[in-house]
Amino acid sequence: MSNNLFIFFFSSIFLSLPILHLSSPSPSPSSSSYDTSYRIDCGGHSDFVNNFNISWLSDRFYTGGANGLVSEPLLFPHQQEKTLRYFPLSSGKKNCYIVNVPNGRYYFRTFTVYDNYDGKLHPPSFDLSVEGTQVFSWRSPWFEEISKNGAYSDLFAFVNDGEADVCFYSIATDPPVIGSLEIIQIDPLAYDSTSTGDKLLLVNYGRLTCGSNSFGSGFSNDTDIFGRAWESDKEFRVGNSGQSSIKVLTTLKNIVGTNQKPNHFPMHLYQSGVTVMGKGNLEYTLSVDAKVDYLLWFHFAELDDSVTGAGKRVFDIFINQKNATRIDIFKQVGSFAALNWQYTVKNLNTTDLRVKFVPVVGSPLVSGIENYALVPKDLATVPDQVIAMRALKQSLRVPDRMGWNGDPCAPTSWDAWEGVTCHPNKDKTALVVSQIDVGSQGLKGYISEQISLLLNLVSLNLSSNSLEGTIPSGLGQKSLVRLDLSANRLSGRIPDSLASNLQLVILNDNQLEGQVPEQLYSIGIHGGTIDLFGNKGLCGVPSLPSCPLFEGLSTAGKITIGSACLVVLVVVFVIIYLCYIRRRRNDYDFGLPQDLISLSAKRNRYQRQKSLMLLEMETQNTHRFPTTLNPL
């Protein structure tokens, strides 16, 4: 069997893994009008430029894992294939490459290799997702050829959140691996996205060049702006279209209509074609998965100078025994001009997709075939809740082993973040976080205020950790029913907002203080459960000490009262100053006091009256009779 063929890896979980297996792939040069492209040498330590003038970056943008080296690096002629990154369980079950990019459409390409890098002779089992959607599944044991030489796989996907993410999920305890990652921006209108929309991923299940050796990225330096690799069709021809009946047509002439927006199909694709000698059919079989829709693209060019008019070469295309269309290349575009046609296969119930070109006039001629699985994009977490969960990851100092990487809830088929439970929102358009259960995980940070963005949180368990700081006031969202923050080092007051709809509140063994909100305490009275034991500073409800005066006031209230008292004291002092001290200072002189002056005046009047009375009595005694009275 040739080294250059597609090998389809079947998964019992989601869909089979389409793999483009290359013996010695080489990236092609690019001159695209789209500015963003990343080619990452996973496990590599330095940047480099390869023989085709393509720049590769050293390993970066990963969330965890470690570097590895294939066991036989000399068998891999290209530098980006010699190293790899693996993600042991100590890095968590979910790990990602997350690259900040402009929103748009991108071509994702991965190279996966094992080559017994760890000496265990056990290729790992893991799943791989792109943009939160599981697309590839690897299951041990791998085919020996793939395990030893590696394999490429690719797809097209839209990025709408400014982050291109490729994530890995360990099955059992196996460490996922990746050898290289390419993320290349493409035209958003490519492959008729106006019809398919931005909610579908186009996963490559076969991209064939007919009558030519494999070319493009991974095979040669033939230009493909999107970075696509085109695999030779030889291994996919069946029936009476075997090697003996096949005729290959090639040309060096320019082909009109190539390298144009939005698909930028390369000219080299149309400079060769396969036809049959005689009146035989030309037939291909592509391995696929049942219950998935497929998008087929066909490429044609009239390369025979003897075909000079319409009706000289006419053939029908049958897809799984259904006559899908009739093609007359010259009639539609003339000679040496590119023609493409697309067809969607729905409700497929077999694992083989059979394409047959049946002659009507002359022999059929085809230059290329593409087959893409139309994989619906999985739901993603509400953006605000992604922000909240990332803030919690940082504030709680969540250890790597818990795998809090990428989207908290997606893909839905994974247990994405350990201890986090999600469900679709009411209109089934996004995912929301409903439960966080990370008790006894050795967390040592604090609870971020961003937790208020988790508007659908029903249950929160952060018990038996070493969390410090205060309980965020935003934790009182109406959805919250169960709260367990026991056995931490939380301090400060219990926020009044915490009492909303809680039915279970466990806050024991912390360092909380202040008055317990009455509404919160009433939870226990109305059939709920509340535990405040072990918080020496709490007060104000039965079974707890009474609170000091003003305890119920907030810090701001206490500051207000203190400020008011200070103002009153200042006013009183000013009044005393104005009414007493200042008046005394202005009225002081060196005269006798007024009371003493008044008393002296009275005494003087009394003496004058007494003197007059004595004088009068003396006068009377002199003229009338002698007196025996003595003067006073």
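Modeller: A disulfide is a covalent bond between the sulfur atoms of two cysteines. Here C96 is joined to C167, with 2.0 Å from S to S. The pair links distant parts of the chain, since C96 sits in strand β8 (residues 94–100) and C167 in strand β13, 71 residues apart. Keep in mind that this is a predicted model.

Biologist: Is the disulfide of C96 and C167 right-handed or left-handed?

Modeller: The torsion about the S-S bond of C96 and C167 is about 105°, so this disulfide is right-handed.

Biologist: Are C96 and C167 buried or exposed?

Modeller: Residues under 20% relative accessible area count as buried. C96 has 0% and is therefore buried. C167 is buried as well, at 2%.

Biologist: How many disulfides does the count come to?

Modeller: Three. Counting bonded cysteines along the chain, the pattern is 1-2, 3-4, 5-6.

Biologist: Which cysteine forms a disulfide with C409, and where do the two lie?

Modeller: C409 forms a disulfide with C422, and their sulfur atoms are 2.0 Å apart. C409 is in the loop between α5 and β30 (420–424), C422 is in strand β30, and 13 residues separate them. The torsion about the S-S bond of C409 and C422 is about -70°, so this disulfide is left-handed. C409 is buried, with a relative accessible area of 6%. C422, at 23%, counts as partly exposed.

Biologist: What is there to say of C539 and C547?

Modeller: They form a disulfide with sulfur atoms 2.0 Å apart. The torsion about the S-S bond of C539 and C547 is about 105°, so the disulfide is right-handed. C539 is buried at 5% relative accessibility, whereas C547 is partly exposed at 23%.

Biologist: And what is the relative accessible area of C42 and of C210?

Modeller: For C42 the value is 0%, so C42 is buried. C210 is also buried, with 0%.

Biologist: Let us turn to strands. Which strands pair with β29?

Modeller: One partner is strand β16 (residues 200–209), which runs antiparallel to β29 and is joined to it by eight bridges. Within that pairing, L208 has I369 of β29 as its bridge partner. Another is strand β23 (residues 294–300), also antiparallel to β29, with six bridges. There, H299 stands opposite G368 in β29.

Biologist: How many residues of β29 are buried?

Modeller: Strand β29 covers residues 368–376, and eight of its nine residues are buried, so the strand is largely enclosed by the rest of the structure. As a general point on reading strands, in a regular strand the side chains alternate between the two faces of the sheet.

Biologist: How many bridges pair β24 with β27?

Modeller: Six bridges, in the antiparallel sense, pair strand β24 (residues 314–319) with strand β27 (residues 352–361). For a landmark, take D316, whose bridge partner in β27 is V358.

Biologist: Now the pockets. What is the volume of the largest pocket, and which residues lie nearest its centre?

Modeller: The volume of the largest pocket is about 600 Å³. Its lining has 23 residues, and those nearest the centre are D161, K377, A380, T381 and D407.

Biologist: What is the make-up of that lining by class?

Modeller: The lining of the largest pocket has nine nonpolar, nine charged and five polar residues.

Biologist: Which elements and domains supply the lining?

Modeller: β13 (163–170) and α5 (383–395) each supply at least two residues. The most comes from α5, which gives four. By domain, the lining of the largest pocket takes at least three residues from each of domain 1 (37–186) and domain 3 (383–539). Strand β13, which contributes to this lining, is also the strand that holds C167.

Definitions and conventions. Residues numbered from 1 in each chain as written. Predicted model: local features only at pLDDT ≥ 70, side-chain atom pairs only at ≥ 80, totals over all residues. Heavy atoms only, no water. 1 Å grid on protein atoms, 1.4 Å probe; cavity = no way out; pocket = protein on both sides within 12 Å on 5 of 7 lines; lining within 4 Å. Points joined across faces, edges and corners; volume = space filled by probe spheres on them. Nonpolar A, V, L, I, M, F, W, Y, C, P; charged D, E, K, R; others polar. Domains from an automatic or database assignment. Buried < 20%, exposed > 50% of the residue type's maximum accessible area, 1.4 Å probe, protein only. Pairing = 2+ DSSP bridges. Disulfide = S-S within 2.5 Å.
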